[in-house]
Amino acid sequence: MTTSFSNLNLAEPLARAVAEMGYETMTPIQEQAIPVVLQGKDVMGAAQTGTGKTAAFALPLLQRMMKHENASTSPARHPVRALVLLPTRELAVQVAEQVELYAKHTNLRSTVVFGGMDMKPQTLELKKGVEVLVATPGRLLDHIEAKNTVLNQVEYVVLDEADRMLDIGFLPDLQRILSYLPKQRITLLFSATFSPEIKRLASSYLQDPVTIEVARSNATASTVEQHFYAVSADDKRRALHQILKTRGMKQAFVFVNSKLGCARLARSLEREGLKTTALHGDKSQDERLKALEAFKKGDVDLLVCTDVAARGLDIKDVPAVFNFDVPFNAEDYVHRIGRTGRAGALGLAVSFASSSDQRLVADIEKLIKTKIELEPMEFDEDQPRIKEQGRINDGRRMYREGGAEDAQPGVEAPRERTERRERREHAPHQQRQAAARDPFFDKPYESSLPVEAQPAWEAAAKSGASRSSVSANIKPKKKVAALFKTTA
Ligand code: AMP
């Protein structure tokens, strides 16, 4: 069953925005979630990014908010009515961009706040009044403490990528934020997995939620062609050059396992004539946003990145993802290759495995429940062997040193409205074709975690792990159970 957006009877400004995006039929998460949210019910959705999840919550929330729409310039007439919380600055920016596109023909206002940058521009936006506030939890608390925003008129809350927020340790911040909100509200929780801790979070904060499950947690999209090549560490760059050339690839993400390896590989590829930029956690938020923008605009061909970029970034039409290093965690493989083949488009995922990666490849095989054939890499005669430079001759050490990437949550650089407008003009949304139907969307969801597993956030809470810089302006959190109805 594919349902057209026209069946939804969306308000004309929203329907027009959807039509301009080029969407014709709804994705499964949209088909299931939009009617439920329109009815005012809480939702617990198992869905990954790339499934059309943002529109699944943003469109019905905007529709329900249309009754408050007004053209007044008074901030008091534009209180925050919907709060969308996300774990990272990149995801917050991405969701805010989509919300702005859907709301562009309405008088509903939206903005985004995230950490790692000056609060002033965000404060100015907040003080003008916004109906939809997209935020990372830490920075939102800073604004609450500074009394830059009040949340007492919030009617809708979206906890997006909830599993990731818990992984990062945001639970205390989330609880604190939720304690500021009216009890009467609609809460939507989206998560890639329904782990025990997510179920507990839902039972504390959601009221009789409708469960929507559309994507299997560890599935890879059927539209992604996957290859694993047996390549020695020394030959990986040569292999990358050859595949790019023979496939006529314009752009690709290249994943490595460490920040240091990321920076070095980007420099080497740049020297070898490829327009390359690096995206990793040691870059400032400004550099990271610039790197993403340069890639989105097509100013660079290769985005060499660590797993900080792996989850949730929706860069349209990335034709290929290379795993220059096989990821340490099999789940990162699924997230990495999820950058390509999005929303039904075709994609290519190539992994370079050296002999010492056997165990990691076996872990991926187990997770995606697919036999992986390690293919030999045959080099063309005209593909010269790339000489290793100076100290970089043990490829494995080169790309693995520096430790695991540390994704910094909640910090993001500012985006002024003008910048967003420019980006909108660059955005190819207007020409977007309706995505082909992808069976990935229809597979039943399966949690990969044992139900009895010890919830990580409970352990964190017991050990007292919490946000260190909570201002005295914040009143102690009331007991959650006393605030919200718990469901059995
Ligand atoms: P999301 O899962 O929200 O990150 O969305 C993934 C991508 O799918 C985004 O580029 C959306 O603009 C696009 N998208 C969302 N809904 C649809 C739809 N119904 N038809 C085609 N593309 C869509």
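A residue is taken as buried if 20 or more other C-beta atoms lie within 10 Å of its own. The model described here is predicted. Its protein chain has 488 residues, and 49% of them count as buried. The chain holds 18 helices and 14 strands. Among contacts between residues at least 6 apart in sequence, 81% join residues at least 24 apart.

Helix H6 spans residues 137–145. Its buried residues are Pro137, Gly138, Arg139, Leu140, Leu141 and Asp142. The cover over these residues includes three strands, E2 (82–85), E3 (110–113) and E4 (132–135). It also includes two helices, H7 (162–168) and H8 (171–179). Helix H8 is itself mostly covered, with seven of its nine residues buried. These are Leu171, Asp173, Leu174, Gln175, Arg176, Ile177 and Leu178. Just after H6, lysine 147 takes a positive phi of about 60°.

Strands E2, E3 and E4 belong to an open sheet of seven strands. The order is E3-E4-E2-E5-E6-E1-E7, and the pairing is parallel. E3 and E7 stand at the edges with a single partner strand each, so one side of each has no neighbour in the sheet. Neighbouring strands of this sheet are turned by 15° against each other on average, direction ignored. Valine 43 stands opposite valine 210 in E7.

The largest nonpolar core has 78 residues. Leu83, Ala92, Tyr102, Val134 and Ala135 have the most contacts inside this core. Helix H4 (residues 89–102) gives the largest share, eight residues. Apart from this core lies another, of 43 residues, among them Ala266, Leu269, Tyr333 and Phe352. In soluble globular proteins, nonpolar side chains tend to be buried together. Beyond four places in sequence, alanine 135 touches Leu83, Leu85, Ala92, Val112, Val113, Phe114 and Leu140. Leu140 is one of the buried residues of H6.

Another open sheet of seven strands has the order E10-E11-E9-E12-E13-E8-E14, again with parallel pairing. Strand E10 (276–279) and strand E14 (374–376) stand at its edges. Each has a single partner strand, so one side of each is left without a neighbour in the sheet.

Strand E11 (residues 302–305) pairs with strand E9 (residues 252–255) through four bridges, and the two run parallel. Phenylalanine 255 has cysteine 305 of E11 as its bridge partner. Four bridges also join E10 to E11, again in parallel. Here alanine 278 has valine 304 of E11 as its bridge partner. In a regular strand the side chains alternate between the two faces of the sheet. In E10, Thr276 and Ala278 point one way, whereas Thr277 and Leu279 point the other way. All four are buried.

Helix H10 (residues 236–247) lies across strand E8 (224–230), E9, strand E12 (320–323) and strand E13 (347–353). It runs at about 160° to E13. Alanine 239 is placed in H10. This alanine 239 has 22 C-beta neighbours inside 10 Å and therefore counts as buried. Leaving out residues up to four places away in sequence, alanine 239 touches Tyr229, Val231, Phe352 and Met377. Phe352 is among the residues of the 43-residue core. Alanine 239 and glutamate 378 are 139 residues apart in sequence, yet 8.6 Å apart in space, C-alpha to C-alpha.

Most residues other than glycine have a negative phi. Asparagine 9 has a phi near 55° and lies in the segment before helix H1 (12–21). Asparagine 9 counts as exposed because it has 9 C-beta neighbours inside 10 Å, and the cut-off for exposed is 12 or fewer. Aspartate 208 has a phi near 40°. Its place is in the loop between helix H9 (196–205) and strand E7 (210–213). With 8 C-beta neighbours inside 10 Å, aspartate 208 also counts as exposed.

Terms used. Residues are numbered from 1 along each chain as its sequence is written. This is a predicted model: local features need pLDDT of at least 70, side-chain atom pairs count only at pLDDT 80 or more; totals for chains, interfaces and linings use all residues. Two residues are in contact if their C-beta atoms, placed from the backbone, lie within 7 Å. Two strands pair if DSSP finds at least two bridges between them. Axes are lines fitted to C-alpha atoms, for helices over the stretch in contact, and angles run from 0 to 180 degrees between N-to-C directions. A nonpolar core is a set of buried Ala, Val, Leu, Ile, Met, Phe, Trp, Tyr and Cys residues joined through C-beta atoms within 7 Å.
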